[in-house]
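This briefing is meant to be read alongside the sequence and the model. It moves from a pair of helices to aromatic rings, and then to a few individual residues.

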Amino acid sequence: MDVPVFSISPNPTCMYLTASLKEALVRFRRAIARKQGLCCILGDNGMGKSSLLRYLATGYEADTACNVSYFSDTRRFKTTFEFLKLISADYGIGPKRSQTAQMDAIEEFLGASHEAGKTTLIFIDEGQRLNLDALELLRALLNYETNTEKLVQVVVSGQLELRDRLLERRYKAFRSRIVAPLLMERMTVADTQAMIEYRLEAWGIEKDLFLPQAVAKIHELSEGVPRNILYLCQHSYDVALDAGRARVEAAEVELAGQRMAIGEPQLSASEAVA
């Protein structure tokens, strides 16, 4: 299996959607369609925030009626003016001599886009790296509106550090703009099995490659964290492959878990499956 079945890269074509994620996407898309302004995706490391953000953005990027700016790395800018110029560049707006002039240019662009029936969106990953000034800049952009609609729609994804900061008093103004929040949940055993089967089926591989006991062990060791599930699937499959087994059993998952734990003793494949 030399195909990226269990790749952790945020590939929207491999995104398995649990019932709660499907519900969240409906809320996000509804908020965007109604031009309500700000959505947030929050969660711990490895929960799939980047994948969900990319999944959501992909549909709008392919829509000619949308103007999309996407930031996967918020370390690209050092000041809010640089941030503003990067957003502007995505919309074809040239750099101006001052932040005020840059804001005026974006306001003019947003107004013209609205008049033309276009939706303007900003997607931001790793939002926990945004400082208060950057968040205030986004809030200022959200102030551009008609009597009924925001002229720009913003979706921010961030780790729990961002959630903790938003609960602070000084971030109250930004927090109050969030119309569709999502706190990513850990996967259940059923979700874990469904995601594994979804990935295998997408690549034309038998869905029963992982025996039920192996799936249960993957869920236990991963604690329901999607990234850990994918890592364990790949490593345990490699263990089974090295041992000449056609199916992945719980023993292979146990050994894969040991290999993933830095500093833990490792058994040979023969010892693990004896």
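What follows is a short account of selected features, grouped by topic.

The structure is a predicted model. Two helices, H9 and H11, have axes that come within 8 Å, and the structure holds seven aromatic pairs. Two residues that are not glycine, Glu126 and Glu223, have a positive phi.

**Helices H9 and H11**

- Two packed helices are described by the angle between their axes and the distance between the axes.
- Helix H9 covers residues 212–222 and helix H11 covers residues 250–260, and their axes come within 8 Å and cross at roughly 25°.
- Because angles under 35 degrees count as roughly parallel, H9 and H11 are roughly parallel to each other.
- The crossing in which H9 passes H11 is right-handed.
- On the H9 side the contact involves Gln213, Ala214, Lys217, Ile218 and Leu221, which meet Ala250, Val253, Glu254 and Gly257 on the H11 side.

**Aromatic rings**

- A pair of aromatic rings is described by the distance of the centres and the angle of the planes.
- Among the seven aromatic pairs of the structure is that of Phe6 and Phe210, whose ring centres are 5.8 Å apart and whose planes stand at 85°, so the pair is edge-to-face.
- Phe6 lies in the segment before helix H1 (19–33), whereas Phe210 lies in the loop between helix H8 (189–202) and H9, so this pair ties together parts that are 204 residues apart in sequence.
- Both Phe6 and Phe210 are buried.
- Phe77 and Phe83 form a stacked aromatic pair, with 4.2 Å from centre to centre and 10° between the planes.
- Phe77 has a relative accessible area of 10% and Phe83 has a relative accessibility of 0%; because buried means under 20% relative accessible area, Phe77 counts as buried, and Phe83 counts as buried as well.
- Tyr60, Tyr70 and Phe123 form one aromatic cluster.

**Residues with a positive phi**

- Most residues other than glycine have a negative phi.
- Glu126, although it is not a glycine, has a positive phi of about 55°, and Glu126 lies in the loop between strand S3 (119–124) and helix H5 (132–142).
- Glu223 is likewise not a glycine and has a positive phi of about 60°, and the place of Glu223 is in the loop between H9 and helix H10 (226–242).
- With a relative accessible area of 54%, Glu223 is exposed.

**Two further helix residues**

- Ser88 is found in helix H3, which covers residues 80–90, and Ser88 is buried, with a relative accessible area of 0%.
- When its neighbours within four places in sequence are left aside, Ser88 is in contact with Ile93, Gln102 and Ile106.
- Ala173 is found in helix H7, which covers residues 172–175, and Ala173 is partly exposed, with a relative accessible area of 30%.
- Ala173 and Arg139 are 34 residues apart along the chain, and their C-alpha atoms are separated by 8.1 Å.

Definitions and conventions
Residues are numbered from 1 along each chain as its sequence is written. This is a predicted model: local features need pLDDT of at least 70, side-chain atom pairs count only at pLDDT 80 or more; totals for chains, interfaces and linings use all residues. Side-chain values use heavy atoms; hydrogens and water are left out. Axes are lines fitted to C-alpha atoms, for helices over the stretch in contact, and angles run from 0 to 180 degrees between N-to-C directions. Helices (H or I, at least four residues) and strands (E, at least two) are DSSP runs, numbered from the N terminus. Angles under 35 degrees count as roughly parallel, over 145 as roughly antiparallel, 65 to 115 as roughly perpendicular and the rest as oblique. A crossing is left-handed if the near helix is turned anticlockwise from the far one by less than a right angle, and right-handed if clockwise. Contact means heavy atoms within 4.5 Å. Rings of Phe, Tyr and Trp (its six-membered ring) pair if their centres lie within 6.5 Å; planes under 30 degrees apart count as stacked, over 60 as edge-to-face and the rest as tilted. Buried means under 20% relative accessible area, exposed over 50%, partly exposed in between (1.4 Å probe, protein chains only).
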